[in-house]
Structures are given as C-alpha cells and as structure tokens.
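Subject: Structure handover and findings

Hello,

Here is the structure we discussed. My notes follow below it.

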Amino acid sequence: MNQQENVLQNISTKSKEYKEECRQLLERIVALQLKVFKAPDLYVKEVLNVVEQYKQQFELVKQNPGQNNGKFSIIAQFLSKVAVYFKTDMKFYIEDLMELINHFQNTLNQGLRKKIIFCLLRLRGKNLIEPYRMIVFLMKLFNCQDKDLRRIIFRFIIKDIKQFNKKHKNETLNKQIQNFIIDLIKKSQENIAKRAIQIMIELYKKNIWKDNKCVNIIAQGCFNQNYKIKLLACYFLIQTTETHVEIESSEDETDKYIQKKGKNKCVKPTKAREHRVEREKKMADKKQRKKLSKLNSSGGFFALDQIYSPQDFAERLFDNLKKHESEKFSVKLAMMHLISRLIHRHKLQIIPFYTYIQKHLYPNSKDVGKLFAYLAEAIHDQIPKEDLQPTIRHLIDQFVNDRCQELTLTMGLRGIYEILQKHPKILDKDNITYLIHYIKYKNRNVSQAARSILNHFKDTNPQLLDKRLRGNKWKSTEELDGDFDDNFIQQITIGIDGAELLQQEEEERLNKKFDTPIYCDRILTDEDFKRIRALKRKKEAEIEQNKLQEKQQKHQYIEQEEDNDEDFVEDEDDNVDDDISEISGDSAELDDENEEWEDESIDDEDIDDDDIKPDSKITKEQNKKRRQSLSDLEEDSVQEYYSDESQMSDENPHGYVREEDLMRYRKTKSEQKHEKLEELKNGTKEKWYQGPNKKKSEFASTSNKEKQKNKPLQMMRAKRVEQKNKESRIKSKIKDLKNKLGHVRSGKQAQRLKKQKIK
C-alpha cells in the first residue's frame, strides 16, 4: 500500500510540474507571437529556436501517439499562425502534420488530433495548402471514430468549395474533385462514400454544383450495395421534383425586419423611420433579385430531367430491384417510387414494372396506399391499352367489390379515377357501368368517388355512358349515337392557344397587318404569355357581359308586351260600355289579334324558366362585377392579374399522385363510436378532462414553480436551506410538546428515566 501511494504522489508532482512548464511556454510564445505580427524580419532566430523545439516534441508524439502532449499542441498552433511570414521555411511543417494523421488516424489522442486538424484548416484559410490536396486529405478522415471531427470536416469542405466558386466557377478544379468523388463511391468504404454523396447533395441544394455531372454522380448511388446510400440517392431524386422554392416579397421581408426590431404599428411615424423602412425595402428587393437570378441560372430543370439516358437508367434500376428480393421493404418502396417518377416525367415504357407492383398490391398488404399511388403515377397515354388490361382487371377484382371494406372501395375508385385522367381510353363500357353503379352506395365516401368517375366521362367521352347519365348537355342530341369518337378525349391543337389575341393587339398598336402568325416570326417570351393570359380573361369577361345584356333585352321586351296587353284590355272594357252594338263587327278583328298573341307566347315559351323570372337586383350586381373585372384588366393591371393567377394555381402542377388523396376517408359517427368502444375493451382509458388545451404564447406568464425549474441551483440553495430549518424547528417543537404530555419519548430520555428509577 505504501509503494502504491508513493507512485501516485510522484505522478501528481510530475503532472503539476508539467502543467507549470506548459503555462510558462504559452506565456513566452504569446509574447513572441505579438512581436512577430508587428515585425517578422527581426525575430527570425527566435522562430527557428521554436522550430527546433517542435522537432523534439514531434518525435515524442510519434513514440507515444495516445498520450496528450500539451507542448506540441502549443507550438503547432503558434507555427500555423506565423507560417504566412515564413513560407519557404515551413513546408516541412505541413507535410509532418499530414503524415502524422495519416499514420496514426485512430490511435492518436482525441484532443491532440483535433488541434492538429484545426492548424491545417487555418493554413488552408491562408491559402498555404492547395484546395484539391486539402479536400482529398479531409475526405479520407470520414472513417475516423470522432463524430465532432467528422461534422467539422463536412462543414469545412462545403464552405471551401463555396469560397473558390464565389466570384466565378472554377471548372477545372470542380472536375478534379468530382472525378475523385466518383472513385471514392466505387472503391472506398461505406462511411466515406455516404459522406461524399451527402456533400454532393448539400452543394446541389445550395446552387453551387447544379450541373448534369453532379446529378449523375448522385444517381449512381442508387446501384450501391449499401442500403443507406441507396436511400440517400433515391430520396434526393424524388424530393427535388416536389420542392418548390418560395420567394418572399419585399413587403413581407420588411415586416419581418420591423418585428425583429420590436416596432409596432402604434409607433409614431416620423421621417427618419419612413426613410429607414424605404432602405429596408430596397435591400429586400436586391435579395429577391439575387434569388431569382440563381433560380434562372439553373434553367428550372429538376434533377430527374438532367439524367443522361433515363430509359437505360430506369431499366437498370428495375433489374436491380428484382435481383435483391431479400432487401428491406422501405428500400424497395423508394426504388419503386423513383421508377414511377421517371416513367411519369420522361414517358418511358417499362411494361414489366406494372406486373411487379401487381404482385405486391392487395388490400391487406403493407403500405397499400403508396403502392397504389406509384402505379397510378407510372401510367401515361403512350402505353398501349392491351398491356394495361390485366392490371386494371386486378384492381377492379381486388379493390372494387361488394366484399371489400368501405375504405378499400374508396381507395380503389379514387385510384382508378387518377389512372383515367392520365389514360382515358383504358376502360371498356362494361367496366364503366360496373364502377358507376356505386353512386347509390350507402356510404358517402364511396358514392363521391364513383361520381367523380361519372363526371370525368361526362366531360371527356359521354358516348360511353347511358343516355340518362349523359347530362342535360348531351341528353337530347343524336350526334353521340355513332361509333367511338376520339375527339372528346383529345383535341389536336395547331399553333399556340391565344396567340391570335396578342397578334390583334400588336396590329392595332402598330397599324399594320401581319401575313404570318407571331409564333412563326419570333420566339414568345414569358411576358408575352402573361399578356395572352390576361387577354383571354378579358375576352371571357366581355362574352359574359354580352350574354347578360342579351338577357336583359329579352326581359325588357317581355315586360313591354305585358304592359301593352294590359292597356289593350282596358280599351276593350271602355268600348263595351259605350258601343255594345259594334261587338259583332269587331269580333273578327279580336280573334285575329288573339291568334297573333298566342303565336308570340309560344315563341316565348322556348326561353328557359330562369330567363322568364329574373331578379333585377342580382343582375345589376352581376353587371357591376363584370364591369369592374373589365376595368381591372387594362394594360397597367396585367402584372396584378398574373400574381393573382399564380396564387390560385394548383398545388400539384406536375400531375403527381399522392397517397393522401387516395386514402382520404371521412368516418361516420357510428364508426367513431365503435373505435372508442374498442379502445376501452383493449384497456386504453380516456384521459380525465383537464380543461381546454390552450397553447400558451411566447409572452404568456408562468407560475413560480415553473420558473424555479429553469433557475440555477446556487440561487435556490439558500431558500431550500431555510425550508429545511423551518421543518426541523417545527418537528422539534412537536417532540417537546409530546414529551411534556408523556405521549412519546426519545431513546436517550427513556434511559435517563430508567436510571433515575433505579437510584
């Protein structure tokens, strides 16, 4: 025991001496560092002496890499700061540090390793190390067993690549790094390959590397053996097609700035504050222009559109999916989603893919909604109808039956509706009649889904429906009694829709007539298309206004005839009183006039009931709205119209099929009650009512107990001591009272009483 205590005392004394030496060395080096920054030429000898000390400590670190060497870390940090002034003499220093980390990557002490890497990063910041050499060196350190160090390296690589591509793109250096990353993904270990792909994805999202080569390098990760790399690549290609960059207006940004500063609307408006707000608006406009320029530079293409040969890529991916059947189901789903998105974007033809999904697609299978959505998204017009017949038959047999549950029925009908929008010729007349008879189903969700199919055929091809289901538009016509007509499904358009309106406007402005259409003479810009949309809207408003005017004229004509009829009847009564003898002579004339009136009334009966009984107030209000819409669509208000139209645009402009749309189901009250009863049977009890769940705002007040939880322990220590003292005093008082009363006595008091009795 004495020997062990002596050893521990010797170690403690040595450690104290070593710490004092390190502290003295640090003071000397900090003083020298300040002198070198001011006049580096005068202190060359002192720096060379430090270099000799560095070499001695470097050999000690090689002998014991696992031990922490404080002197070496202090000297290395000093040399990294001073190396700018002594570039020729410090070349050995960079090579020594790199060799040390390459040889002792995992065995080196954690703190010392981190300090050495910080020294190298500082040298790269001063451009003493080439960027390609530094990135190659750091990429190999991703296999190191230090999470903080890997995070630091990841951030530094992205920042460094962003820095040398800031003013202009350095294409030669970018190509070198990209070729190195391709080799890493193919040959190196899994951790390094995964981090390399993450770097490429982060650079793509920040608009630094957004070219075709970067996308195709990431896409090659779909064929890697590691499932994590596969998921990274697949999710990147899928999510880039769904994300939409929202650019905030200048007014929104200024409002946010004012909120940050703590300014409210109640503040008194002064000239200085108004000028400040105007300056912030200008700054926000500049930021918005920069964002728009970055987006326009990318060309507006998605990552899937930049793949070199999408047909070959999709076929390779599908073969890989069929081979690895023992892989995780989540990876299979991601690969299927990517293949369906590729088929949808590029209109590919991979017919075995539909039969592959058909094997997995059953009402009781896992993730049915996702599989159904992938199948519906992969169908398009150019696939032949005969190849898709077995899949449609499978869907109707499995998902649209009287034996199925109501949720599966709604999912099946909505899925078929999504398929019909993309391939309208896919269903026969028998299948259509079978699907439409679910309109009379008792559940509202099922009947609505079936009605959507019926409305689709009313608009596209009412010939396939019965006469009673065609609607009022095609009910009485005999044009639909012939063969199947493709014009209802797809009308071929020649030229650009609405270009005639733009041509008429330019002809009126220039007082000239063009022989050829505009789209043949020049390429139409975005502003031209905006103008075309505005002119279309203006034309529609004019047509509606003309219709209303015609209706008003008809109503006025009917009212005049009714007034004339009343006057005519009054004249007849006067004549009867005055000249009764002339009845026989005038009777023939009255009969002729009555016949003419009957003919006119028959002509008026052809008018709709809505036209005969108009509401004058409603028509006046409608006319006012139409006039306002026409006045708003003048030349100055085209931009306002375009902004409103962009807000009203669809949330899904690219035609993707989502799982949420297919699985949307509104439960009835009886179903909700049944679920609650099942929860009670299984043992899940309802929570006791504790008042409304009101979320407190940021500035709401809290109780003192909640505030005490966030306070430090030293603040609350005195209070807790006082509480304990109070409790102890109360307890002592209670004991004294009990002892006096003779109820309870402590052990010492009982012993004293016994001794007194014995004496």
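I start with a salt bridge: the side chains of E377 and R341 meet at 2.4 Å, N to O. A salt bridge here is a side-chain nitrogen of Lys or Arg within 4 Å of a carboxyl oxygen of Asp or Glu. E377 lies in helix α17 (residues 368-377) and R341 in helix α15, so the pair ties together parts that are 36 residues apart in sequence. E377 counts as buried, at 0% relative accessibility. R341 is buried too, with a relative accessible area of 2%. Buried means under 20% relative accessible area, exposed means over 50%, and partly exposed is in between (1.4 Å probe, protein chains only).

Before going on, the ground rules. This is a predicted model, with residues numbered from 1 along each chain as its sequence is written. Local features need pLDDT of at least 70, side-chain atom pairs count only at pLDDT 80 or more, totals for chains, interfaces and linings use all residues, and side-chain values use heavy atoms, with hydrogens and water left out.

Overall picture

The protein has 33 helices and zero strands. Both are DSSP runs, numbered from the N terminus: helices are H or I with at least four residues, strands are E with at least two. Of the 759 residues, 33% count as buried. The protein exposes about 53,500 Å², and carbon and sulfur atoms supply 47% of that area. Accessible areas come from the Shrake-Rupley method with a 1.4 Å probe; for residues, only the protein chains shown count as cover. Now the contacts, meaning heavy atoms within 4.5 Å. Among those with a separation of 6 or more, residues 24 or more positions apart account for 71%.

Other salt bridges

How many salt bridges are there by this rule? The count comes to 12. One of them joins the side chains of E327 and K230, at 3.1 Å, N to O. E327 lies in the loop between α14 (310-323) and α15 (329-346), and K230 in helix α11 (residues 227-242), so the pair ties together parts that are 97 residues apart in sequence. Both E327 and K230 are buried.

The side chains of D305 and R345 also meet in a salt bridge, at 2.8 Å, N to O. This pair links distant parts of the chain, 40 residues apart: D305 is in the loop between α13 (271-298) and α14, while R345 is in helix α15.

Y308 counts as exposed, at 60% relative accessibility. Leaving aside neighbours within four places in sequence, Y308 is in contact with N212, K213 and N216. Y308 and N216 are 92 residues apart in sequence, but 7.5 Å apart in space, C-alpha to C-alpha.

Nonpolar core and surface

In soluble globular proteins, nonpolar side chains tend to be buried together. The largest nonpolar core here has 147 residues. A core is a set of buried Ala, Val, Leu, Ile, Met, Phe, Trp, Tyr and Cys residues joined through side-chain atoms within 4.5 Å. Which members touch the most others? They are Y93, L120, L237, F313, L338 and L427. Beyond its neighbours within four places in sequence, Y93 is in contact with Y54, A76, L79, S80, C119 and L123.

L26 is in helix α1 (residues 2-38). L26 is partly exposed, with a relative accessible area of 40%.

Q33 lies in helix α1 too. Q33 is buried, however, with a relative accessible area of 14%. Leaving aside neighbours within four places in sequence, Q33 is in contact with F78 and K81.

Cysteines

The disulfide count is zero, where a disulfide is a pair of cysteine sulfur atoms within 2.5 Å. For C234, the nearest cysteine sulfur is that of C222, 3.9 Å away. C234 is buried, with a relative accessible area of 1%.

Best regards
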